[in-house]
Amino acid sequence: MSKLNLAVLFGGASSEHEISLMSAASVIRGLKKEKYNIIKVGITKSGAWFYLPDTEPDMIEKNRWEEASKRPCTISVNRESRGIVCLDDGEFLPVDVVFPVLHGENGEDGRVQGACELSGIPCVGPGCASSAICMDKSITKLVAATTGVRQAEYVLATKENFRNGAIIDEIEKKLTYPVFVKPAGTGSSVGTAKAENREKLHKAISEALPYGGKVLVEEFINAREIETAVLGNAEPVVSVCGEVIPSREFYTYESKYVDNTSVTPIPADIPEEVSEKIRDFAKKIYIALSCRGLSRVDFFINKENGEIIFNEINTIPGFTSISMYAKLFAACGVEFSELLDRIIAFAMED
Ligand SMILES: Nc1ncnc2c1ncn2[C@@H]1O[C@H](COP(=O)(O)OP(=O)(O)O)[C@@H](O)[C@H]1O
Ligand SMILES: [Mg+2]
């Protein structure tokens with residue numbers, strides 16, 4: 001069998017650029033070399049694309065990939081030339097499938113997926129529309145509501161309604177302190193905060209608004225955090241549940257990537273019937289959001305009353321071999337390289 005030309009995209013003009021580098025290094029190390037001809041494409045924080053013929057995963061992980069020999073390139077959106085075009089001499093590299101190992105805006109949000117759809121190159125993960133919806137936590141809520149699964153009560157603050165001040169009163173009418181503030185369009189807990197009073201709420205919203213101009217203010221849930229990994233297209237499978245026990249008051253950027261002290265029991269220590277319910281909800285939400293390939297679907301269990309609450313979905317979840325997504329499937333007997341094969345096969349199936 002001839003090798004598949006697989007373009008791995010990493011970095012990106014995103015607040016999660018550095019996380020993508022860690023994920024990409026793991027993905028490149030995990031891909032079976034006899035099966036894939038890997039075309040490495042690094043995207044800088046300012047959005048410049050480079051083809052990297054020789055960079056190694058170590059250099060990507062250390063955020064030193066830009067030191068390697070690199071050639072400016074772009075993805076073709078032309079159906080008759082599916083691949084990467086080098087902008088220095090016009091060299092064309094045919095691509096059979098794209099793996100956007102990109103987190104957050106400009107990578108996980110449908111933009112890259114849309115470019116692949118224009119050219120007709122299969123792309124790992126949900127398509128353009130689904131990715132865009134899942135990246136926007138406020139639109140995700142509207143779609144996920146069709147499943148009937150409980151979600152946190154919220155008010156949407158925008159640049160406009162925050163400027164004229166009306167939204168603070170509305171929040172205080174609908175919710176009680178503390179509330180949780182998060183940008184609608186980032187991941188990795190960037191821009192999130194807990195606010196205990198009006199003054200802190202004001203500050204938290206102003207700090208979150210620069211990340212895309214839309215901010216969710218939610219009821220604060222004193223919760224256990226349960227995550228599930230979903231894999232597949234029309235008939236997806238759901239992994240066992242895992243729990244995240246953050247090292248800080250909530251699962252901040254620091255507790256995710258800096259401290260490394262959060263504990264993640266897999267499977268989560270919850271009753272079987274609760275786990276079954278969560279896995280069923282995850283599947284329903286994945287299907288309602290038209291996901292393909294993979295996604296991690298995250299829940300809360302309210303510590304006070306046991307209620308299961310859908311929190312968010314990540315269409316390109318953190319993808320190191322020790323990330324939750326990979327660990328959840330490892331616990332189901334699917335090791336990392338095999339998991340990559342399956343995810344790529346689902347992209348080719350479409
Ligand atoms: N309504 C809420 N109440 C309490 N904590 C929350 C709430 N929403 C989010 N959090 C905390 O913030 C973290 C990040 O929020 P999340 O919605 O998962 O966004 P991200 O895309 O940044 O991961 C969660 O893992 C959780 O610890
Ligand atoms: Mg999250």
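What covers the buried residues of H3? The answer includes E1, strand E3 (49-51), strand E4 (71-75), strand E7 (97-101) and helix H4 (128-135). Cover here rests on contact, meaning heavy atoms within 4.5 Å. Helices (H or I, at least four residues) and strands (E, at least two) are DSSP runs, numbered from the N terminus.

This is a predicted model, in which local features need pLDDT of at least 70 and side-chain atom pairs count only at pLDDT 80 or more, while totals for chains, interfaces and linings use all residues. Residues are numbered from 1 along each chain as its sequence is written, chains are lettered from A and ligands numbered from 1 in the order in which they are written, and side-chain values use heavy atoms, with hydrogens and water left out.

Helix H3 spans residues 111-119. Its buried residues are Val 112, Gln 113, Gly 114, Ala 115, Cys 116 and Ser 119. Buried means under 20% relative accessible area, exposed over 50%, partly exposed in between (1.4 Å probe, protein chains only). Gly 120 follows H3, with a positive phi near 85°.

Glu 16 has a relative accessible area of 6%, so it counts as buried. Beyond residues up to four places away in sequence, Glu 16 touches His 103, Gly 104, Thr 186, Gly 187 and Ser 188.

Now the ligand. Ligand 1 is surrounded by 18 residues, each with a heavy atom within 4 Å of it. The closest are Lys 137, Lys 182, Ser 189, Glu 218 and Glu 225. Polar side-chain atoms approach oxygen atoms of ligand 1: Lys 137 at 2.7 Å, Glu 225 at 2.4 Å and Glu 312 at 2.9 Å. Taken alone, ligand 1 exposes 540 Å², and the protein buries 97% of that (Shrake-Rupley method, 1.4 Å probe; for residues, only the protein chains shown count as cover). Strands E9 (179-183), E11 (214-219) and E16 (308-314) each give two or more residues to the shell. Domain 2 (134-150 + 222-349) and domain 3 (154-219) both contribute to the shell, so ligand 1 lies between them. The domain bounds come from an automatic or database domain assignment.

Leu 289 lies in the loop between helix H10 (272-288) and strand E15 (294-302). Its relative accessibility is 3%, so Leu 289 counts as buried. Leaving aside neighbours within four places in sequence, Leu 289 contacts Ser 130, Ile 133, Cys 134, Thr 140, Val 143 and Ile 313.

Conventions: A polar contact is a pair of N or O atoms within 3.5 Å; within protein, one must be able to donate a hydrogen and the other to accept it, and residues adjacent in sequence count only if both atoms are side-chain atoms.
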